[in-house]
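Hi there,

Here is the structure I promised to pass on.

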Amino acid sequence: MSTTRAAVVESGGAPFTLSTVELDEPRPNEALVRMVAAGLCHTDLGVAGGGLPFPLPGVLGHEGAGVVEAVGSDVTGIEPGDHVLMSFTSCGGCKNCRDGHPAYCATWLPLNLLGGRRPDGTSTISRDGEPLGGHFFGQSSFAERALVDQRSLVKVDRDVPLETIAPLGCGVQTGVGAVWNVLAPRTGDTLVILGAGAVGLSAVMAAAMTPATTVIAVDLVAERLELARELGATHTVNAGDGDILEAIQVITDGAGADGVVETTGSVAVLRKGVDALAARGTAVIVGAPPFGSEVALDVNGMLGGKRVVGLTLGDHETQTAIPALVKLVREGRLPLERLISKYAFEDIGQAVQDMGAGKAIKPVMTFA
């Protein structure tokens, strides 16, 4: 048992407050990691706000990066002193995990988002002897030290600043995967990215590295649209200036989009995106509205071969994908630093406020 300082959410809607907590000893399949940086994601805010049934009080955080201090007896390929990036965890044994699609693990929800415990029901984090919700995405990285499941760990080169790559654990790989793994644009394709937050701008950067020749970014914030152009969008649409469907039709001369990435979580925006598709086009649902949300679609409009596909974490196999993305960041081909605003861990409340107000695209907490 060891102690560390963590940002604890006491109940749904409560702020993050710094508190001393106890970490369990690493199990054979776990590692103790000293945190260097952790990205703040809308999923963290959704859980903290009480929008998902994660057990609170608890410790969130799922875009961690740090240095390994100790490893369990069954952990292979990682040793103390290694630099690691943390992503989601998975069982490793179900059909989807064996097929290289761990984001669709049969036990993904309890292991990552809802359970708050190890698979055997034990807690990784406690306070004054009382268990806290933890094991969030196998890491709970809003803490100075984290007890991390081995399948959440990806070893990275030591020459890459960890604060520049922490967001790869969730938001960035999601946006990139929507374009590369699902849409897979062909020469001359038109893509529409709905929402220019961290996920949407990651999709824009990914689209700029494909044969797509038209990349349309849609958002309400002019500054984000300007950044989208700088990152590779060929056109931008301010959703506050009129109907986005009409604007997309004008840009495409009525042909519509071959691919759409919906990142906002708005079912109304999703419907617009599906309607904007060309025949045989694909819309990828990335943004997550509240559980139980539904969207009505024009059935006859779907008969032209349109597809609507849901996506989790970009459908990446992290041990392969994340090192490749790190290489792109290092080489300047994925300029992730353009999205990042840095905050000291003690200022997590300010980071939350700035993200909610749209002042920060991707807050990253750094640890002294």
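Below is what turned up, starting with the salt bridges and ending with one leucine. Please keep in mind that this is a predicted model.

**Salt bridges**

The count of salt bridges comes to 19.

Arg-5 forms a salt bridge with Glu-144, and the closest N and O atoms of the two are 2.8 Å apart. This pair links distant parts of the chain: Arg-5 belongs to strand E1 (residues 2–9), while Glu-144 sits in the loop between strand E8 (130–131) and strand E9 (145–149), and the two are 139 residues apart.

Arg-5 also forms a salt bridge with Glu-346, with 2.7 Å between the closest N and O atoms. Here again distant parts of the chain are linked, since Glu-346 lies in the loop between strand E17 (340–344) and helix H11 (348–356), 341 residues apart from Arg-5 in strand E1. Taken together, Arg-5, Glu-144 and Glu-346 are linked in a network of salt bridges.

How accessible is each member of that network? Arg-5 has a relative accessible area of 26% and is partly exposed. Glu-144 is partly exposed as well, at 25%. Glu-346 has a relative accessibility of 43% and also counts as partly exposed.

The other pair to look at is Asp-82 with Arg-158, whose side chains meet in a salt bridge at 3.5 Å, N to O. The two are 76 residues apart: Asp-82 is in the loop between strand E5 (64–71) and strand E6 (83–86), and Arg-158 is in the loop between strand E10 (153–156) and helix H4 (171–183).

**Leu-23**

Now for the leucine. Leu-23 is found in strand E2 (residues 16–23). With a relative accessible area of 2%, Leu-23 is buried.

What does Leu-23 touch, leaving aside its neighbours within four places in sequence? Its contacts are Met-1, Ser-2, Thr-4, Leu-32, Thr-124, Ile-125, Arg-145, Ala-146 and Leu-147. One of these, Arg-145, is 122 residues apart from Leu-23 along the chain, yet their C-alpha atoms are separated by 8.4 Å.

Key
Residues are numbered from 1 along each chain as its sequence is written. This is a predicted model: local features need pLDDT of at least 70, side-chain atom pairs count only at pLDDT 80 or more; totals for chains, interfaces and linings use all residues. Side-chain values use heavy atoms; hydrogens and water are left out. Helices (H or I, at least four residues) and strands (E, at least two) are DSSP runs, numbered from the N terminus. Buried means under 20% relative accessible area, exposed over 50%, partly exposed in between (1.4 Å probe, protein chains only). Contact means heavy atoms within 4.5 Å. A salt bridge is a side-chain nitrogen of Lys or Arg within 4 Å of a carboxyl oxygen of Asp or Glu.
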